[in-house]
Amino acid sequence: MLDEQGHLSCAVCDFDFEAKYGAHGAGYIECHHVVPLHVAGEGETKLSDLALICANCHRMVHRANPWLTIDQLRALITK
Ligand SMILES: [Zn+2]
Ligand SMILES: [Zn+2]
């Protein structure tokens with residue numbers, strides 16, 4: 001998510017690269033296509049088709065086949 005201050009944090013776990021890595025991590029986040037490109041086919045990518053998530057969550061989404069949804073992965077997180 002991009003908040004009013006321009007900080008990016010993971011849509012699943014709220015990880016904030018800038019909070020963790022300081023200036024080196026500022027502005028970093030990974031971009032996940034919720035609908036696989038080969039399924040979505042040609043055409044414009046809508047903002048709603050993208051999820052901004054951290055590298056860990058990104059790997060975990062792709063670890064399942066078919067991919068987990070953001071909501072499904074969030075439900076798996078144990079604090
Ligand atoms: Zn995350
Ligand atoms: Zn992805």
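**Close-up views of a predicted model**

V35 is found in the loop that runs between strand 1 and helix 2 (37–40), and the model in which it is seen here, as in every view below, is a predicted one.

**View 1. A nonpolar surface patch includes V35.**

**View 2. Four cysteines hold the zinc ion (ligand 1).** The protein donors are the SG atoms of C10, C13, C54 and C57, which lie 2.3 Å from the zinc ion (ligand 1), and along the chain these donors follow the spacing C-x2-C-x40-C-x2-C. The arrangement around the zinc ion (ligand 1) is tetrahedral because the four donor atoms subtend angles of 106 to 117 degrees. For comparison, the ideal angle for four tetrahedral donors at a metal is 109.5 degrees. With a relative accessibility of 24%, C13 counts as partly exposed, while C57, at 7%, counts as buried.

**View 3. Three histidines are the protein donors of the zinc ion (ligand 2).** The atoms concerned are ND1 of H32, NE2 of H58 and NE2 of H62, lying 2.1 Å from the zinc ion (ligand 2), and the spacing of these donors along the chain is H-x25-H-x3-H. Because H32 lies in strand 1 (residues 30–33) and H62 in helix 3, this pair ties together parts of the chain that are 30 residues apart in sequence. H32 counts as buried, at 2% relative accessibility, whereas H62, with a relative accessible area of 34%, is partly exposed.

**View 4. A cis peptide bond joins N65 and P66.** The omega angle of this bond is about 0 degrees, and P66 is located in the loop between helix 3 and helix 4 (70–76).

**View 5. D14 has a positive phi angle.** Although D14 is not a glycine, its phi is about 70 degrees. This residue lies in the segment before helix 1, and D14 is exposed because its relative accessible area is 54%.

Terms used. Residues numbered from 1 in each chain as written. Chains lettered and ligands numbered in written order. Predicted model: local features only at pLDDT ≥ 70, side-chain atom pairs only at ≥ 80, totals over all residues. Heavy atoms only, no water. Donors = N, O, S within 2.8 Å, 3.2 Å for Na, K, Ca; no water. Tetrahedral: all angles 85-135°; square planar, octahedral: opposite > 155°, others 65-115°. Buried < 20%, exposed > 50% of the residue type's maximum accessible area, 1.4 Å probe, protein only. Helix = DSSP H or I, 4+ residues; strand = E, 2+ residues; numbered from the N terminus. Patch = residues over 30% accessible without salt bridge, like charges linked within 9 Å, V, L, I, M, F, W, Y side chains within 5 Å. Areas by Shrake-Rupley, 256 points an atom, 1.4 Å probe, with all protein chains shown as cover. Salt bridge = Lys/Arg side-chain N within 4 Å of Asp/Glu carboxyl O.
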